[in-house]
Each structure stands twice: as C-alpha cells, then as structure tokens.
Amino acid sequence: MNRNLVKALQVAWEMPEFRTGVRHVVDLDEVAGLLATLTVPDHDHEVERSLLRLLRSALDTVQIREAVLLLLERDEVRRPLVAAAVEPLADRPGQAAAIASAAEDPTVRREVRAVLASAKVRELIWQAIENQVSDNRIGLIRRAAVLVVWHPRVRRLVWALRRHGVLRELRRRR
C-alpha cells in the first residue's frame with residue numbers, strides 16, 4: 001500500500017471528529033477486507049464494485065461526507081492523500097502537478113463541498129462512475145454533459161479545475 005496513503009489514513013484516524021463521523025455508519029472490517037483484496041494484483045472486478053458501493057453509501061451519509069471533507073481541509077491529511085493519488089502519475093508530471101495544485105486551492109475544495117451536498121448531483125456522478133467502470137463511454141459522456149450543463153456548482157468546479165490545468169492535462173495524450 002502507498003506509504004503516503006497510509007500516513008494520511010493514520011493522521012485521519014487520530015482525529016476524534018473523523019472517528020466520530022464514521023464510527024456508527026461504517027463497517028471497518030468490511031473496508032479493511034476490501035482494501036486488502038484490492039492489493040492483490042489479479043483481484044476480481046466485483047471487489048472494485050463493492051468498494052464503489054461502499055463509497056457511494058458513505059458519501060450519501062452526511063456524517064461521513066462531512067468527516068471526509070473536514071479532513072481535506074487539513075494540510076497534514078490532504079497532502080499525503082494527494083501525494084498518494086498522484087504517485088501513479090509519475091509518467092505524467094503535468095497531470096500530477098495540476099491535480100496537486102487544484103487540491104491546494106480553497107476555492108476548489110469549497111466547490112467540491114458544494115457539489116457533493118446535492119443528492120441529485122451525487123446520483124449523476126455515480127451514474128457516470130458506473131458508466132466508466134462498465135466501459136460505457138457514451139453514457140459517461142452523457143452524464144458528464146448533464147452535470148456541466150444543468151448544475152451551476154459543477155460548472156464552477158470545472159472552471160476552477162480548468163484554472164489549474166487539470167482539464168488540459170486530462171486531454172493530453174501520454
């Protein structure tokens with residue numbers, strides 16, 4: 001497991017407000033089992049779907065969503081998480097730098113919070129994720145378009161990500 005991710009999770013777990021937020025609504029044994037299975041190189045894709053279902057359930061629970069968003073405001077948690085997220089992008093340094101820059105921007109974090117507050121937007125995001133997992137490119141594009149066209153907070157988030165070069169770097173070929 002990525003050491004930056006482990007460090008961030010340890011810092012998060014030390015925070016009483018995080019533990020309080022997740023204690024009553026998450027089966028930590030289930031999470032540990034899913035994470036352990038994901039570390040196996042040839043894991044079943046059903047495990048990924050289980051983890052996505054668990055993540056969806058967590059984001060739909062106000063206490064967990066608020067606990068996670070609170071963590072992202074803390075430098076000692078956010079920075080190792082971002083480092084863990086961009087580590088696989090070593091061959092794409094521009095994309096890694098753009099994502100790291102966006103994560104440090106309080107405006108981006110504020111827009112993420114606002115976007116995730118809407119149940120309708122979360123549902124569309126999950127539909128887009130399910131389309132991606134199923135390799136349904138047309139469905140993914142359709143959901144993304146609906147999000148950007150019909151939801152002003154999503155548009156503001158996209159604009160904030162664009163300022164950091166995230167969109168440009170995602171379009172760039174390897």
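Author: Contact here means heavy atoms within 4.5 Å. In this predicted model, R65, E66, L69, L70 and L72 in α5 meet R109, V112, R113 and L116 in α8. Helices (H or I, at least four residues) and strands (E, at least two) are DSSP runs, numbered from the N terminus.

Reader: What classes of residue make up the contact of α5 with α8?

Author: Ala, Val, Leu, Ile, Met, Phe, Trp, Tyr, Cys and Pro count as nonpolar, Asp, Glu, Lys and Arg as charged, and the others, Gly among them, as polar. By that division, the contact of α5 with α8 holds five nonpolar, no polar and four charged residues.

Reader: How is the packing of two helices described?

Author: The description gives the angle between the two axes and the distance between those axes. Axes are lines fitted to C-alpha atoms, for helices over the stretch in contact, and angles run from 0 to 180 degrees between N-to-C directions. Here α5 (residues 62–72) and α8 (residues 106–116) pack at an angle of about 175 degrees, with their axes 11 Å apart. This angle makes α5 roughly antiparallel to α8; angles under 35 degrees count as roughly parallel, over 145 as roughly antiparallel, 65 to 115 as roughly perpendicular and the rest as oblique.

Reader: How many helices and strands does the protein chain have?

Author: The protein chain has twelve helices and zero strands. Among its contacts between residues at least 6 apart in sequence, 64% join residues at least 24 apart.

Reader: How is the length of a helix checked, and what is the result for α6?

Author: The expected span of a helix is 1.5 Å times one less than its number of residues. The twelve residues of α6 (residues 75–86) should therefore span 16 Å, and the end C-alpha atoms are 16 Å apart, which agrees. The buried residues of α6 are V77, R78, P80, V82, A84 and V86.

Reader: Which residues does N131 touch?

Author: Not counting residues up to four places away in sequence, N131 touches N136, G139, L140 and R143. N131 lies in α9 (residues 119–133) and counts as buried because its relative accessibility is 11%. The backbone oxygen of G139 lies 3.1 Å from a polar atom of the N131 side chain.

Reader: With which side chain does that of R143 make a polar contact?

Author: A polar contact is a pair of N or O atoms within 3.5 Å; within protein, one must be able to donate a hydrogen and the other to accept it, and residues adjacent in sequence count only if both atoms are side-chain atoms. The R143 side chain makes such a contact with the side chain of Q127 (2.5 Å). R143 lies in α10 and is partly exposed, with a relative accessible area of 21%. Beyond four places in sequence, R143 touches L124, Q127, A128 and N131.

Reader: Where does D135 lie?

Author: D135 lies in the loop between α9 and α10 (137–150). Although it is not a glycine, D135 has a positive phi of about 60 degrees. At 72% relative accessibility, D135 counts as exposed.

Conventions. Residues are numbered from 1 along each chain as its sequence is written. This is a predicted model: local features need pLDDT of at least 70, side-chain atom pairs count only at pLDDT 80 or more; totals for chains, interfaces and linings use all residues. Side-chain values use heavy atoms; hydrogens and water are left out. Buried means under 20% relative accessible area, exposed over 50%, partly exposed in between (1.4 Å probe, protein chains only).
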